[in-house]
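Dear colleague,

I am passing on the structure below, and after it you will find my notes on what turned up. Please read them with the structure open beside you.

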Protein chains: 2
Amino acid sequence: MKSESAAIDIPESSSVAKGKAPLIAVSRDEKGGYGKGIAIFDFILRLAAIATALAAAAAMGTSEETLPFFTQFFQFQASYDDLPTFQFFVIATAFVGGYLVLSLPLSIVGIVRPHAVGPRLLLIILDTVALTLNTAAGAAAAAIVYLAHNGNPNTNWLAICQQYGDFCQKVSGAVVASLITAVIFVFLIVLSAFALRRH
Amino acid sequence: MKSESAAIDIPESSSVAKGKAPLIAVSRDEKGGYGKGIAIFDFILRLAAIATALAAAAAMGTSEETLPFFTQFFQFQASYDDLPTFQFFVIATAFVGGYLVLSLPLSIVGIVRPHAVGPRLLLIILDTVALTLNTAAGAAAAAIVYLAHNGNPNTNWLAICQQYGDFCQKVSGAVVASLITAVIFVFLIVLSAFALRRH
């Protein structure tokens, strides 16, 4: 009985020395376990988001197709920088991928110290901004890709995917990758909200 | 000295009776004040977001222009439902506006009970989804509006805003309103994250 009460006392006194933990030792241990699990899952999701964001930027950035015939005046060629929306997509998605890489240290801080509120709060704010940027790039590119596939008879914008099939396929893949990134971001924000709640 | 210690004791014992407040009475009062302020600001921001979201949906939904001349074959007319992206914009933005109206009761619960975690957590999750939907609609419409203004010589998509100036102006206004809604949503999510942290 004496040794058991000592075993309970030791973590409590050490946490008081750090000056941050709540007073009830049992509930603190419970919360720590949840927080760490959420932080590890956050880290894994971030790795997945890096993969999809950089894949989207790379696929869009390398999308290019030259048709095997040409007229006297010009060669038929399609590239992502023919369309400003696709340029924006490459820049924004690469930016989001870079942010995700830089956010990994903060995510690791969340694993090491599940109770630290500051990094978690910073992550949720930056994630929200990155989600907005990523969604805007993906949706704008999706609108243009839809137009490239289907055209629009009302405005006399003709579909170009009959001619530039490979280009359209690659661009569509980039858009899909970007929308997957957006879904991962939503999960990241929800996870962070749950992690914040546990304090 | 005696009366002062009694004044400190009274809120502490009443909070223990509710069974939810932390043990240190002073910090609890501080937290309650912040939480209520955040909740009221959240409610006001939500009212602003309702206004911009519904204005965006209404402006886009009523955008229509008939040119004052016609050929033998057809009359020149532009309307939002000529372009699928604009249709999506109207539906998504009206949906977001409806969600915002329905979220007001939850926001009021946050004002009445600043310590309730459940409504706050539900709001942050739904807000994130609504932000994504709203941003997607706004960005997609922005891409098409840009095309309508400037055209794209590489794909032979001609600008239509020379002919349909009023239509373009109304549509651009709707896009701007939708992007303002997105900014308000980012603030709402950040506010909710701060409110969650205070528990």
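**How the two chains meet**

The copies meet through the same surface, because 100% of the interface residues of chain A are also interface residues in chain B. This is a predicted model, in which local features need pLDDT of at least 70 and side-chain atom pairs count only at pLDDT 80 or more, while totals for chains, interfaces and linings use all residues. Residues are numbered from 1 along each chain as its sequence is written, chains are lettered from A and ligands numbered from 1 in the order in which they are written, and side-chain values use heavy atoms, with hydrogens and water left out.

In the interface, 36 residues of chain A are in contact with 36 residues of chain B (contact means heavy atoms within 4.5 Å). Between them the two chains bury about 3200 Å², of which 80% is on carbon and sulfur atoms; buried area here is the accessible area, taken with a 1.4 Å probe, that two parts lose on being put together, summed over both. A:Leu121, A:Trp157 and A:Arg197 supply 17% of the area that chain A buries against chain B, more than any other three residues.

On the side of chain A that touches chain B, the elements giving two or more residues are helix H3 (84–112), helix H4 (117–150) and helix H5 (165–197) of chain A, where helices are DSSP runs of H or I with at least four residues, numbered from the N terminus. The largest share, 17 residues, comes from H4(A).

As for symmetry, chain A can be laid on chain B with an RMSD of 0.0 Å by a turn of 180 degrees and a shift of 0.0 Å along the axis, the copies being superposed by least squares on the C-alpha atoms of residues with pLDDT of at least 70 in both. That is the relation of a two-fold axis. Of the residues of chain A, A:Ala140 comes closest to the rotation axis, with its C-alpha at 2.0 Å.

**Salt bridges**

A:Asp42 forms a salt bridge with A:Arg120, the closest N and O atoms being 3.4 Å apart. A:Asp42 lies in helix H2 (residues 25–61) of chain A and A:Arg120 in helix H4 of chain A, so this pair ties together parts that are 78 residues apart in sequence.

With best wishes

Conventions: A salt bridge is a side-chain nitrogen of Lys or Arg within 4 Å of a carboxyl oxygen of Asp or Glu.
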